[in-house]
Amino acid sequence: MDQSDKKRRAAEAAIRYIEPGTALGVGTGSTVNHFIDLLPPLRRSLKALVASSEATAERLRAHGLTVSPLDQVGDLDLYVDGADEANPAFQLIKGGGGALTREKVLAASARRFVCIIDDSKWVGTLGAFPLPIEVLPMARSFVARKLVALGGQPEWRKDFVTDNGNQVLDIHNLKIDNPVELESRLNHIPGIVTVGLFALRPADEILLADDREVRQMPKPA
Ligand code: 5RP
């Protein structure tokens, strides 16, 4: 089974979390695209839909679904999104698609965050995937130097601008022994808009698709 099939099956498994009257946040990426494509028959169950990126909003609208601003909706009942890496504590690296800031806002405003992944994303320790960090353009070099001082190797994602008009640094070789501590620490560096570590607000559920099945991963103690 190829990766796209696994992503589709993880997306299918997330559909059961939608109940009548759900205010739903929708993440970004190829896994979530499968989820979006399954939403049209469920439109009557959706009280509101909020998108984490322009790309997601466009795909939802292409299905004839109405996208609302978070400001008008208030808190979300459910947020469904993929990840670049996930660990057994349900902490994540996200932002491979560059939508990390709005993704983090939606995750924070959701009562339940369901993360859908294929088995290539499941890791013991986060950090093999370079950590995306959204930065204000004028602070890019400053932030990069701070990350070098922390032992990382920042790479500027050239020719990429986020939906918020900012830039992205991908940080290679960062030691992420304590994701909560690192996320808190990086959050204090001026010029960083968003860190692609989702540890302070981890996922509530992880649905992991492998060759045989979709597993609901055991929740951290
Ligand atoms: C986008 C993200 C995505 O969730 C992450 O990159 C996974 O993408 P995909 O489902 O395409 O593997 O964080 O900013």
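**Figure 1. Separation of domain 1 and domain 2 in the predicted model.** The C-alpha centres of the two domains are 24 Å apart. Domain 1 comprises residues 3-123 + 200-216 of the protein chain, whereas domain 2 spans 131-196. To the contact between them, domain 1 contributes 16 residues and domain 2 contributes 19 residues.

**Figure 2. Area buried between domain 1 and domain 2.** About 1400 Å² is buried between the two domains, and carbon and sulfur atoms account for 51% of this area. Within domain 1, the residues that lose the most area to domain 2 are Leu100, Lys104 and Leu200. Together these three residues supply 39% of what the domain 1 side buries.

**Figure 3. The salt bridge between lysine 104 and glutamate 183.** The two side chains meet with an N to O distance of 2.7 Å. Across the interface of domain 1 and domain 2, one salt bridge is found. Lys104 is also among the residues of domain 1 that lose the most area to domain 2.

**Figure 4. Polar contacts and secondary-structure elements at the interface.** On the side of domain 1 that touches domain 2, the elements giving two or more residues are β5 (92-93) and α5 (100-109). Of the elements on this side, α5 gives the most, with four residues.

**Figure 5. Residue classes on the side of domain 1 that touches domain 2.** Eight residues on this side are polar, four are nonpolar and four are charged.

Key. Residues numbered from 1 in each chain as written. Predicted model: local features only at pLDDT ≥ 70, side-chain atom pairs only at ≥ 80, totals over all residues. Heavy atoms only, no water. Domains from an automatic or database assignment. Contact = heavy atoms within 4.5 Å. Buried area = accessible area lost by both parts, 1.4 Å probe. Salt bridge = Lys/Arg side-chain N within 4 Å of Asp/Glu carboxyl O. Polar contact = N/O pair within 3.5 Å; in protein donor to acceptor, adjacent residues only side chain to side chain. Nonpolar A, V, L, I, M, F, W, Y, C, P; charged D, E, K, R; others polar.
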